[in-house]
Amino acid sequence: MSVLKMKLHWQILIALVLAIVIGLLIERDTGLFGVTLYGIFAFLGELFLNALKMLIVPLIVSSIIVGVAGIGSSSNLGRLGGKTIGYYAMTSLLAIIVGLLVVNIIQPGVVEGTAEEVFGLTASKSDLEAQFADKGATDIIEIFLRMVPTNVVAAAAAGQMLGLIFFSLLYGFFITRLNGNYAQTQLDFWSGVFEVMMKITELVMRFAPIGVFALVAKTVTDTGLEAFGPLALFFFSVVIALGIHFFVTLPLLLMFIGGVKPSRHYRAMGAALLTAFSTASSSATLPLTMECVEKNAGVSNRTSSFVLPLGATVNMDGTALYECVAVMFIAQAYGIELGFSTQILIVILALLTSIGVAGIPAASLVAIAIILSAVGLPLEGIGLILAVDRLLDMMRTSVNVFSDSCGAVIIAKSEGETGILENDVPTPARA
């Protein structure tokens, strides 16, 4: 997996460079035999976005059901499980709030001119404004009403993901309350669906370089390099928010809840963080993460073997933060000012989807598509962020892994374990 993802990074980088060069060289009517290159770019880009849309419902349902059923049936779900899930929910929420504050302060998507002129987006601002015009603080109640759909199939067809996520959480929980072979049959079925969706997702992401090339080339052909100024600002907004969570939020939790020195933990996790950055995969980094936490940080295998595998699946601080910033950036690009209730909805969905689609290739793109659909923004906006998504993926994966390791240390200390991060120079971990 890690080798494939590293190759994919290079392929997307090459596709991005080629798209910028070709987009600058051609005109909208450039083509052969009546077929324009611009039309080909638009077709391939739309095809890639359609493939992402196709994944959303079966992937989110199967992943949440399998994840909740697996956690609920674990014999470790007592005190240790409660602490672990509570920590992961808290850090993900803190990460989302940091991202929301940063993107509202910097406002990377706010530009002079229309979304079509600057970004090449085709959705009408007036139509979108009319859609959001009646939303206010009282619409927070609607968020909770949408959590309980009257018809779950209709909710799935209409893209009402909040209700679908809530239903999937309930379904997964009550699988664990079935008697006899029914529970295992249900779990086997949904595990099979999830594995199939993983395979399909891997297939779709093999075509990501082509999708990136087409979407970026189309944008550059429309706007030149004008769109890359706001995109660079979006990139640095995400980096700043990730940096705050990585260097401020998590160290404060280590100090005040765990009672350990953050500097020692940074040194203990160095090898795992570098591996996470290079592979952009929490799952691929998991063996090294466990080794660093156990040998360098001094956490027991009892704690690390439960906390870290669960974290690699459901704890995605960096991903949740990125989803929030990306959706806000896309809304700003359309010139839409999202109200308080809509931003609360984004926070809730970012928290839930970061759990629901964790551990799959390009999970953030699927999650962002879910949130955009839920708040009523066009999915074409995903094309804006594809150019920088892979590098940011590497960064947010490092944040995800570091948060997992902080959780293992904090929970180990709360369980009364001794010898946590007492050595100034940790034992070097195997590469």
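This is a predicted model: local features need pLDDT of at least 70, side-chain atom pairs count only at pLDDT 80 or more; totals for chains, interfaces and linings use all residues.
User: Hi! Which helix holds Asp393 and Arg396, and how many residues apart are they?
Analyst: Both sit in helix 19, three residues apart, about one turn of the helix. Helices here are DSSP runs (H or I, at least four residues), numbered from the N terminus. Residues are numbered from 1 along each chain as its sequence is written, and side-chain values use heavy atoms, leaving out hydrogens and water.

User: Thanks! What do the side chains of Asp393 and Arg396 meet in?
Analyst: A salt bridge, at 3.7 Å, N to O. The term means a side-chain nitrogen of Lys or Arg within 4 Å of a carboxyl oxygen of Asp or Glu.

User: Are those two buried or exposed?
Analyst: Asp393 and Arg396 are both buried (under 20% relative accessible area; exposed is over 50%, partly exposed in between, with a 1.4 Å probe and protein chains only).

User: How many salt bridges does a search of the whole structure find?
Analyst: Three. Among them, Lys83 pairs with Glu415 at 2.6 Å, N to O. Lys83 lies in helix 3 (residues 79-106) and Glu415 in the segment after helix 19 (382-414), so this pair ties together parts 332 residues apart in sequence.

User: And how accessible is Glu415?
Analyst: Glu415 is buried, at 18% relative accessible area, while Lys83 is partly exposed at 27%.

User: Which residues make the remaining bridge, Lys295 with what?
Analyst: Lys295 meets Glu291 at 3.7 Å, N to O. They are four residues apart in helix 14 (residues 282-296), so about one helical turn separates them.

Conventions:
Helices (H or I, at least four residues) and strands (E, at least two) are DSSP runs, numbered from the N terminus.
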